[in-house]
Amino acid sequence: MTDFASLLQQGNAWVFIPSAILLGALHGLEPGHSKTMMAAFIVAIRGTVAQAALLGVCATLSHTAVVWLVAMAGLYFGGKWNAETSEPYFQLASALLIILVALWMLWRSWRQQQDAANHAHIEGHSHDHDHHHDEAKRIDTGHGIVLLDIVEDGVPPRFRLRADGSRKLAWSASSVKIVTERSDGARQVFSFVHREGFLESAEVIPEPHEFVVRLQLGH
């Protein structure tokens, strides 16, 4: 095989290098390399274009690094390994790894369905007349964590919903609703309006504040 220096001198390398890059890009578009899982992950977290591009770059670098490591290990240990003897063990290890990943994903999906789904239930809490409320309730919706609390510092008590951390809330005011249910079976529906950085219930929460809260997001 002609070495790379000879190819450069002949001018053929400038044909081979773009061809290799093109073939690598086409290979990246083919099924495999967990691209479906990465795409599903970006959709699930409602990721931005920048996050998707960063994930693609990281996947490219990690895939390339693994190929180089495998090639270097093959060159170094190739003369000592018996490929026919080692191959069944590698296949078994790969199968076990895939099964473990699948079980872990099933467990996470089950836990998310238990924690949230589309309706999150928060048990209401009683408080004295000074209105000392507990901390905001953290709800894992499966599409990010939201915080729900009752705010009444110098204002009539209302529900307030916001995203955890610096992320933007993924739901509009029209797609959020709260239904409270009291011990006597009485129910009240609360709609929401947009505020700066959060959503707030349009209706005031009547006394007493002893009820069960059902938070509905989207459909």
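The side chains of Arg187 and Glu181 meet in a salt bridge, 3.6 Å from N to O. By salt bridge I mean a side-chain nitrogen of Lys or Arg within 4 Å of a carboxyl oxygen of Asp or Glu. Arg187 counts as exposed, at 56% relative accessibility, and Glu181 as partly exposed, at 28%. For those words, buried is under 20% relative accessible area, exposed is over 50%, and partly exposed is in between, with a 1.4 Å probe and protein chains only.

Before going on: this is a predicted model, where local features need pLDDT of at least 70 and side-chain atom pairs count only at pLDDT 80 or more, while totals for chains, interfaces and linings use all residues. Residues are numbered from 1 along each chain as its sequence is written, and side-chain values use heavy atoms, with hydrogens and water left out.

Back to the salt bridges. The count comes to five by this rule. One of them joins Asp164 and Arg138, at 2.9 Å from N to O. That pair links distant parts of the chain, since Asp164 is in the loop between β4 and β5 and Arg138 is in strand β2, 26 residues apart. Strands here are DSSP runs of E, at least two residues long, and helices are runs of H or I, at least four residues long, both numbered from the N terminus. Asp164 is partly exposed, with a relative accessible area of 29%, and Arg138 is exposed at 54%.

Another salt bridge is between Arg160 and Glu200, at 3.4 Å from N to O. Arg160 lies in strand β4 and Glu200 in strand β8, residues 198–201, so the pair ties together parts that are 40 residues apart in sequence. Glu200 is buried, with a relative accessible area of 12%.

Which order do its strands take? The order is β2-β3-β4-β8-β7, in an open sheet of five strands with antiparallel pairing. Two strands pair if DSSP finds at least two bridges between them. β2, residues 137–140, and β7, residues 192–195, stand at the edges with a single partner strand each, so one side of each has no neighbour in the sheet. The twist averages 25 degrees from one strand to the next, with axes as lines fitted to C-alpha atoms and angles running from 0 to 180 degrees between N-to-C directions.

Ile139 has Val146 in β3 as its bridge partner.

β5 and β6 also run antiparallel and are joined by four bridges. Thr180 stands opposite Gln188 in β6. The β5 and β6 hairpin has five residues between the strands, and Gly185 there takes a positive phi near 90 degrees.

How many residues are in the largest nonpolar core? The core has 20, and those with the most contacts inside it are Phe159, Leu161, Val176, Ile178 and Phe192. A nonpolar core is a set of buried Ala, Val, Leu, Ile, Met, Phe, Trp, Tyr and Cys residues joined through side-chain atoms within 4.5 Å. β3, β4 (158–163), β5 (176–181) and β9 (212–217) each supply at least two residues of this core.

Take Phe192 as an example. Leaving aside neighbours within four places in sequence, its contacts include Phe159, Leu161, Ala173, Val176, Ile178, Leu199 and Glu200, where contact means heavy atoms within 4.5 Å.

Last, the aromatic pairs, of which the structure holds two. The ring centres of Phe159 and Phe190 are 5.1 Å apart and the planes are at 85 degrees, so this pair is edge-to-face. Phe159 lies in strand β4 and Phe190 in strand β6, residues 187–190, so the pair ties together parts that are 31 residues apart in sequence. The rings of Phe159 and Phe211 have centres 6.2 Å apart and planes at 65 degrees, so that pair is edge-to-face. Phe211 is in the loop between β8 and β9, 52 residues from Phe159. The rule is that rings of Phe, Tyr and Trp (its six-membered ring) pair if their centres lie within 6.5 Å; planes under 30 degrees apart count as stacked, over 60 as edge-to-face and the rest as tilted.

Phe159 and Phe190 are both buried, and Phe211 is buried. Phe159, Phe190 and Phe211 form one aromatic cluster.
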